[in-house]
Amino acid sequence: MVVGVCQINLSIPSAHSLKDKRQVLKSLIARVKGSFNASVAEVGQNDVWQSAVIGVVVVGNERGFVNSALDNIIDFIEGLRTVDVVSHEIEIMNY
(Lines give C-alpha, C1' and ligand atoms only; values in the text may rest on other atoms or scores of the structure.)
Protein backbone atom coordinates (compact mmCIF):
# COMPACT_ATOMS: atom_id res chain seq x y z
CA MET A 1 0.00 0.00 0.00
CA VAL A 2 1.30 3.44 -0.94
CA VAL A 3 -0.02 6.57 0.79
CA GLY A 4 0.63 10.03 -0.61
CA VAL A 5 0.10 13.09 1.57
CA CYS A 6 0.20 16.64 0.25
CA GLN A 7 0.00 19.85 2.25
CA ILE A 8 -0.99 22.82 0.09
CA ASN A 9 -0.71 26.44 1.28
CA LEU A 10 -3.26 28.64 -0.44
CA SER A 11 -3.88 32.35 -0.81
CA ILE A 12 -7.50 33.43 -1.29
CA PRO A 13 -7.34 37.07 -2.42
CA SER A 14 -11.09 37.32 -3.07
CA ALA A 15 -12.02 36.49 0.55
CA HIS A 16 -12.99 39.50 2.64
CA SER A 17 -14.41 37.50 5.55
CA LEU A 18 -14.30 34.00 6.98
CA LYS A 19 -17.65 33.36 5.29
CA ASP A 20 -16.13 34.18 1.88
CA LYS A 21 -13.18 31.91 2.63
CA ARG A 22 -15.42 29.01 3.68
CA GLN A 23 -17.47 29.30 0.47
CA VAL A 24 -14.35 29.15 -1.70
CA LEU A 25 -12.84 26.25 0.25
CA LYS A 26 -16.08 24.27 0.37
CA SER A 27 -16.37 24.48 -3.42
CA LEU A 28 -12.68 23.69 -3.95
CA ILE A 29 -12.74 20.67 -1.64
CA ALA A 30 -15.92 19.29 -3.24
CA ARG A 31 -14.47 19.65 -6.75
CA VAL A 32 -11.20 17.92 -5.83
CA LYS A 33 -13.00 15.08 -4.05
CA GLY A 34 -15.38 14.61 -6.97
CA SER A 35 -12.72 14.73 -9.65
CA PHE A 36 -9.96 12.69 -8.03
CA ASN A 37 -11.53 10.48 -5.35
CA ALA A 38 -9.06 11.87 -2.80
CA SER A 39 -9.51 12.80 0.84
CA VAL A 40 -9.27 16.57 1.33
CA ALA A 41 -9.65 18.79 4.40
CA GLU A 42 -8.70 22.22 5.67
CA VAL A 43 -5.86 21.60 8.12
CA GLY A 44 -4.47 25.03 9.00
CA GLN A 45 -4.88 28.81 8.97
CA ASN A 46 -8.52 28.28 10.01
CA ASP A 47 -9.11 31.81 11.32
CA VAL A 48 -7.17 33.74 8.66
CA TRP A 49 -9.36 35.27 5.96
CA GLN A 50 -7.11 35.18 2.93
CA SER A 51 -5.02 32.07 3.44
CA ALA A 52 -5.62 28.40 4.08
CA VAL A 53 -3.79 25.11 4.35
CA ILE A 54 -5.44 22.01 2.95
CA GLY A 55 -4.34 18.41 3.25
CA VAL A 56 -4.85 15.91 0.45
CA VAL A 57 -4.38 12.14 0.77
CA VAL A 58 -4.32 9.56 -2.02
CA VAL A 59 -3.95 5.81 -1.50
CA GLY A 60 -2.90 3.37 -4.19
CA ASN A 61 -0.81 0.33 -4.92
CA GLU A 62 1.89 2.01 -7.03
CA ARG A 63 4.14 4.92 -6.09
CA GLY A 64 3.97 6.39 -9.60
CA PHE A 65 0.18 6.46 -9.59
CA VAL A 66 0.00 8.19 -6.20
CA ASN A 67 2.64 10.78 -7.15
CA SER A 68 0.91 11.47 -10.47
CA ALA A 69 -2.48 11.85 -8.78
CA LEU A 70 -1.12 14.41 -6.31
CA ASP A 71 0.61 16.34 -9.12
CA ASN A 72 -2.65 16.36 -11.09
CA ILE A 73 -4.57 17.63 -8.06
CA ILE A 74 -2.12 20.51 -7.61
CA ASP A 75 -2.39 21.38 -11.31
CA PHE A 76 -6.19 21.20 -11.07
CA ILE A 77 -6.28 23.59 -8.10
CA GLU A 78 -3.94 26.02 -9.87
CA GLY A 79 -6.19 25.91 -12.93
CA LEU A 80 -9.32 26.87 -10.98
CA ARG A 81 -8.13 30.48 -10.54
CA THR A 82 -10.23 30.91 -7.37
CA VAL A 83 -7.15 30.46 -5.17
CA ASP A 84 -3.40 30.84 -5.56
CA VAL A 85 -1.13 27.94 -4.63
CA VAL A 86 1.63 29.52 -2.52
CA SER A 87 3.51 26.29 -1.84
CA HIS A 88 3.01 22.57 -1.50
CA GLU A 89 4.82 19.63 0.04
CA ILE A 90 4.37 16.00 -0.96
CA GLU A 91 5.33 12.95 1.08
CA ILE A 92 4.84 9.40 -0.18
CA MET A 93 5.04 6.46 2.21
CA ASN A 94 5.06 2.72 1.59
CA TYR A 95 3.27 0.38 4.02
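Start with the largest nonpolar core, which has 27 residues. Select Ile-8, Leu-10, Ile-54, Val-56 and Ile-77, the residues with the most contacts inside this core. The elements giving two or more residues to the core are β1, α1, β3, α2 and β4. Helix α2 supplies the largest share, 7 residues. In soluble globular proteins, nonpolar side chains tend to be buried together. Keep in mind that this is a predicted model.

**Stop 1: Ile-54.** Show its surroundings, leaving out residues up to four places away in sequence.

**Stop 2: strand β3.** Select residues 51–60. How many of the 10 residues in this strand are buried? The count is 8, so β3 is largely enclosed by the rest of the structure.

Now bring in the partners of β3. Strand β1, residues 2–11, pairs with β3 in the antiparallel sense over 10 bridges. Find Val-2, which stands opposite Gly-60. Then find Gly-4, opposite Val-58. Strand β2, residues 39–44, also pairs with β3 in the antiparallel sense, over 5 bridges. Here Gly-44 has Val-53 as its bridge partner.

β2 and β3 form a hairpin, with 6 residues between them. Pick Gln-45 in the turn: its phi is positive, about 60 degrees.

Stop 3: Colour the 4 strands in the order β2-β3-β1-β4. They form an open sheet, and the pairing is antiparallel. Which strands stand at the edges? They are β2 and β4 (84–94), each with a single partner strand, so one side of each has no neighbour in the sheet.

**Stop 4: helix α1.** Select residues 18–36. This helix lies across β1, β2 and β3, and runs at about 150 degrees to β2.

**Stop 5: helix α2.** Select residues 63–80. Helix α2 lies across β1, β3 and β4, at about 150 degrees to β3. It has 18 residues and reaches 26 Å from first C-alpha to last, close to the 26 Å expected at 1.5 Å a residue.

Next, show the buried residues of α2: Val-66, Ala-69, Leu-70, Ile-73, Ile-74, Ile-77 and Leu-80. Turn the view to look down the helix axis. These buried residues fall within an arc of 135 degrees, so they line one face of α2. An α-helix has 3.6 residues a turn, so residues three or four places apart point the same way. The cover over the buried residues of α2 includes β1, α1, β3 and β4.

**Stop 6: two loop residues.** Most residues other than glycine have a negative phi. Asn-37 is not a glycine, yet its phi is positive, about 55 degrees. Find Asn-37 in the loop between α1 and β2. Is Asn-37 buried or exposed? It counts as exposed, at 74% relative accessibility.

Finish at Arg-81, which follows α2. Arg-81 lies in the loop between α2 and β4. Its phi is also positive, about 65 degrees, although Arg-81 is not a glycine. With a relative accessible area of 72%, Arg-81 is exposed.

Conventions. Residues are numbered from 1 along each chain as its sequence is written. This is a predicted model: local features need pLDDT of at least 70, side-chain atom pairs count only at pLDDT 80 or more; totals for chains, interfaces and linings use all residues. Side-chain values use heavy atoms; hydrogens and water are left out. Buried means under 20% relative accessible area, exposed over 50%, partly exposed in between (1.4 Å probe, protein chains only). Two strands pair if DSSP finds at least two bridges between them. Contact means heavy atoms within 4.5 Å. Axes are lines fitted to C-alpha atoms, for helices over the stretch in contact, and angles run from 0 to 180 degrees between N-to-C directions. The expected span of a helix is 1.5 Å times one less than its number of residues. The arc is that of the directions from the helix axis to the C-beta atoms. A nonpolar core is a set of buried Ala, Val, Leu, Ile, Met, Phe, Trp, Tyr and Cys residues joined through side-chain atoms within 4.5 Å.
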